[in-house]
Amino acid sequence: MTDVTDADFAADVIGADLPVLVEFTADWCPPCRQMAPVLKALASEEGDRLKVVQLDVDSNPETTNTYKVLSMPTFMVFRGGEPVKSMVGARAKRRLLEELADVL
């Protein structure tokens, strides 16, 4: 799982060949910290079908505001440069995989 910033969001997410799951996160957010091992596992297991990245909302307000992210964690799936799915809140890996099934 890699970190993206306002500066490289377009190249790493919008221009990606694979669908990209972006976690909008913050250091001060306990549910975001809970999601870290889930997202690392997802990145290693689904890496051939899905790119998993995280964006710190405090350091990257431009992207956060562009996509109107208000709650952490927010997960957005981008495919072909467009957001195709959005989910808010921590969830178990199994549930996350179920919710991602239609975009993988």
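I take helix axes as lines fitted to C-alpha atoms over the stretch in contact, with angles running from 0 to 180 degrees between N-to-C directions. Helices (H or I, at least four residues) and strands (E, at least two) are DSSP runs, numbered from the N terminus.

**Ground rules.** This is a predicted model, where local features need pLDDT of at least 70, side-chain atom pairs count only at pLDDT 80 or more, and totals for chains, interfaces and linings use all residues. Residues are numbered from 1 along each chain as its sequence is written, and side-chain values use heavy atoms, with hydrogens and water left out.

**Helix pair.** I looked up α2 and α4 (residues 93-100), and found them packing at about 50 degrees with axes 10 Å apart. That makes α2 oblique to α4, since angles under 35 degrees count as roughly parallel, over 145 as roughly antiparallel, 65 to 115 as roughly perpendicular and the rest as oblique. Their crossing is right-handed, meaning that the near helix is turned clockwise from the far one by less than a right angle.

For contacts (heavy atoms within 4.5 Å), I listed M35, V38, L39, A41, L42 and E45 of α2 against K93, L96, L97 and L100 of α4. This contact divides into 8 nonpolar, no polar and 2 charged residues. Here Ala, Val, Leu, Ile, Met, Phe, Trp, Tyr, Cys and Pro are nonpolar, Asp, Glu, Lys and Arg charged, and the others, Gly among them, polar.

**Pocket.** A pocket is an open set of points on a 1 Å grid over the protein atoms alone, where a 1.4 Å probe fits, with protein on both sides within 12 Å along at least five of seven lines; lining residues have an atom within 4 Å of a point. I found 16 residues lining the largest pocket, with D3, T25, D27, Q54 and D56 nearest its centre. By class, the lining has 6 nonpolar, 4 polar and 6 charged residues. α2 gives the most, with 4 residues.

**Backbone.** In the loop between α3 (61-66) and β4 (74-79) I found P73, joined to M72 by a cis peptide bond with omega about -10 degrees. K68 is found in the loop between α3 and β4, and has a positive phi of about 55 degrees although it is not a glycine.
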